[in-house]
Amino acid sequence: MTARKTLTERLDEKLDQVLKSPRGWGGVDVLEPLVLMLLILRAETADPPVSHAEVLRRYRRFLAERVAPGAGDIRARLGAALSLEAVADVLREHVDTVRGREVSPPQAKGSASEALPDRGSTRRFPAFGSVEVLH
């Protein structure tokens, strides 16, 4: 097994641990940046490697398609549906998508897919996903 493959497996294990028990890793403010950091590191192990900017672009596109169009991070897009569980559900789906698995949106009652935010929400949070990456 190559070092690159071993590192990818370790990062996948860490992503699984974080998303299995999100409360143990912090709250809503910590979960999104932590998962994105792990995905950025994972992208570096890809063959060929994927840039940080591309990882963030794909994530923003996923949020626009899956949660709500517009600017802002997951907290701003979930709005009234914001909860640690809703954030974890959306991030879990994105991680599965990145890994190339076929994933359907969560169907459980009260999931993020049922409680999308009001487009007129006035909540404002720092937008982690909108950070520009300099090379």
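Which residues does Phe 62 touch, not counting residues up to four places away in sequence? Phe 62 touches Val 67, Val 90, Glu 93, His 94 and Thr 97, where contact means heavy atoms within 4.5 Å. This is a predicted model, in which local features need pLDDT of at least 70 and side-chain atom pairs count only at pLDDT 80 or more, while totals for chains, interfaces and linings use all residues. Residues are numbered from 1 along each chain as its sequence is written, and side-chain values use heavy atoms, with hydrogens and water left out.

**Overall architecture**

- The chain has five helices and zero strands; helices (H or I, at least four residues) and strands (E, at least two) are DSSP runs, numbered from the N terminus.
- Along the sequence the pattern reads α-α-α-α-α.
- Of the 135 residues in the chain, 38% are buried, buried being under 20% relative accessible area, exposed over 50% and partly exposed in between (1.4 Å probe, protein chains only).
- Among contacts between residues at least 6 apart in sequence, 65% join residues at least 24 apart.

**The nonpolar core**

- The largest nonpolar core holds 30 residues; such a core is a set of buried Ala, Val, Leu, Ile, Met, Phe, Trp, Tyr and Cys residues joined through side-chain atoms within 4.5 Å.
- The members that touch the most other members are Leu 31, Val 35, Leu 39, Leu 63, Ile 74, Val 87 and Leu 91.
- At least two residues of this core come from each of helix 1 (3-20), helix 2, helix 3, helix 4 (74-78) and helix 5 (84-98).
- Helix 2 gives the most to this core, with nine residues.
- Leu 91 is in contact with Leu 19, Leu 31, Glu 32, Val 35, Tyr 59 and Ile 74, leaving aside its neighbours within four places in sequence.

**Helix 2 against helix 3**

- Helix 2 (residues 28-44) packs on helix 3 (residues 52-66) at an angle of about 130°, and their axes are 9 Å apart. Axes are lines fitted to C-alpha atoms, for helices over the stretch in contact, and angles run from 0 to 180 degrees between N-to-C directions.
- Helix 2 is therefore oblique to helix 3; angles under 35 degrees count as roughly parallel, over 145 as roughly antiparallel, 65 to 115 as roughly perpendicular and the rest as oblique.
- On the helix 2 side, Glu 32, Leu 36, Leu 39, Ile 40, Ala 43 and Glu 44 meet His 52, Val 55, Leu 56, Tyr 59 and Leu 63 of helix 3.
- The residues of this contact comprise eight nonpolar, one polar and two charged. Ala, Val, Leu, Ile, Met, Phe, Trp, Tyr, Cys and Pro count as nonpolar, Asp, Glu, Lys and Arg as charged, and the others, Gly among them, as polar.
- Pro 48 lies in the loop between helix 2 and helix 3, and the peptide bond from Asp 47 to Pro 48 is cis, with omega near 5°.

**Helix 2 against helix 5**

- Helix 2 and helix 5 pack at about 10°, with axes 10 Å apart, which means that helix 2 is roughly parallel to helix 5.
- Helix 2 contributes Val 28, Leu 31, Glu 32, Val 35, Leu 39 and Arg 42 to the contact, and helix 5 contributes Leu 84, Val 87, Ala 88, Leu 91, His 94, Val 95 and Val 98.
- These residues divide into 10 nonpolar, one polar and two charged.

**Individual buried residues**

- Phe 62 lies in helix 3 and is buried, with a relative accessible area of 10%. Its C-alpha atom is separated by 7.1 Å from that of His 94, 32 residues apart along the chain.
- Leu 15, in helix 1, counts as buried at 0% relative accessibility. Leaving aside its neighbours within four places in sequence, Leu 15 is in contact with Val 35, Leu 38, Leu 39, Arg 42, Val 95 and Arg 99.
- The C-alpha atoms of Leu 15 and Val 95 are separated by 8.0 Å, although these residues are 80 residues apart along the chain.
- Asp 73 lies in the loop between helix 3 and helix 4 and is buried, with a relative accessible area of 1%.
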